[in-house]
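I opened my notebook to look up a few things in this model. Here is what I wrote down, in the order I checked it.

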Amino acid sequence: MTASLPTRPHTIGADLRALRKARAVTLADLSETLGRSVGWLSQVERDLSEPSISDLRRIADALGVPMSMLFRHDAAPAHEAGFVVRHAARRQIGSSVEGLVEELLSPDLTDDFEVVHSTFAPGSALAEPVARPTQEVGYLVSGRLDLDISGRQHTIEPGDSFRIRGEPFRWSNPYDAPAVAIWVIAPPVY
């Protein structure tokens with residue numbers, strides 16, 4: 001079996017389309033929110049039009065992602081684009097929860113899943129449970145992390161893995177060391 005090459009490297013348009021679809025937002029709905037035409041937004045998603053910085057800010061707000069998510073920090077060499085993400089090239093993603101740093105390990109958001117590197121600072125916690133229309137599997141690399149999944153309490157230690165299938169969950173790191181986890185999330189939510 002041979003892997004097929006990506007048809008093109010990472011583009012802002014491809015990521016915008018993937019984010020919009022993951023949120024079940026139509027072109028018409030997003031264009032209305034932005035005050036732009038459906039045609040313009042379609043051209044942006046197909047990389048035929050280039051959005052301004054203010055357009056990107058409004059799009060990021062409408063899709064609930066940080067604006068930095070829309071920019072590649074270090075472009076990959078052509079032979080690695082779509083295949084390899086170097087440590088220095090990871091894009092920070094996720095929420096603004098204090099004490100949580102999330103980085104995208106996937107080359108882009110165009111697959112049926114995303115892989116995320118999460119670092120939970122000592123003493124950090126997600127105050128309220130969240131539920132997402134996703135299936136998620138996590139693997140704890142280091143530290144310890146307390147998870148509440150549908151009201152069931154779990155302490156996760158290095159080498160442990162866990163699964164969340166749309167249930168409400170929250171996390172906390174009441175310990176003295178950072179906790180580092182790798183998550184696979186389908187469909188992409190960031």
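**Entry 1: overall make-up.** I began with burial, and buried residues make up 39% of the 190 residues in the protein. Buried means under 20% relative accessible area, exposed means over 50%, and partly exposed lies in between (1.4 Å probe, protein chains only). A note on provenance: this is a predicted model, where local features need pLDDT of at least 70 and side-chain atom pairs count only at pLDDT 80 or more, while totals for chains, interfaces and linings use all residues. Residues are numbered from 1 along each chain as its sequence is written, and side-chain values use heavy atoms, with hydrogens and water left out.

Next I looked up the secondary structure and found four helices and nine strands. Helices (H or I, at least four residues) and strands (E, at least two) are DSSP runs, numbered from the N terminus. Along the sequence I read the pattern α-α-α-α-β-β-β-β-β-β-β-β-β.

**Entry 2: a helix pair.** How do α1 and α4 cross, and at what angle? I found that the axes of α1 (residues 12-22) and α4 (residues 53-63) come within 10 Å and cross at roughly 25 degrees. That makes α1 roughly parallel to α4. Axes here are lines fitted to C-alpha atoms, for helices over the stretch in contact, with angles running from 0 to 180 degrees between N-to-C directions. Angles under 35 degrees count as roughly parallel, over 145 as roughly antiparallel, 65 to 115 as roughly perpendicular and the rest as oblique. I also noted that the crossing of α1 and α4 is left-handed, meaning that the near helix is turned anticlockwise from the far one by less than a right angle (clockwise would be right-handed).

**Entry 3: salt bridges.** I searched the whole structure and got eight salt bridges. The criterion is a side-chain nitrogen of Lys or Arg within 4 Å of a carboxyl oxygen of Asp or Glu.

I picked out Glu 45 and Arg 17, whose side chains meet at 3.9 Å, N to O. This pair links distant parts of the chain, with Glu 45 in helix α3 (residues 38-45) and Arg 17 in helix α1, 28 residues apart. Glu 45 counts as buried at 4% relative accessibility, whereas Arg 17 is partly exposed at 22%. Arg 17, Arg 20 and Glu 45 are linked in a network of salt bridges.

I then turned to Glu 103 and Arg 90, which form a salt bridge at 2.9 Å, N to O. Glu 103 sits in strand β2 and Arg 90 in the loop between α4 and β1 (91-93), 13 residues apart. Glu 103 is buried at 16%, and Arg 90 is buried at 18%. While at Glu 103, I checked Ile 93 too: their C-alpha atoms are separated by 5.5 Å, though the two residues are 10 apart along the chain.

I also looked at Arg 132 and Glu 136, whose closest N and O atoms are 2.7 Å apart in a salt bridge. Glu 136 is buried, with a relative accessible area of 1%.

**Entry 4: a surface patch.** Which residues make the nonpolar surface patch of about 230 Å²? I found Phe 113, Val 137 and Val 184. Phe 113 lies in the loop between β2 (100-104) and β3 (114-120) and counts as partly exposed at 37% relative accessibility. Patches are made of residues with over 30% relative accessible area and no salt bridge; like charges are joined within 9 Å, and nonpolar side chains (Val, Leu, Ile, Met, Phe, Trp, Tyr) within 5 Å. Accessible areas come from the Shrake-Rupley method with a 1.4 Å probe, and for residues only the protein chains shown count as cover.
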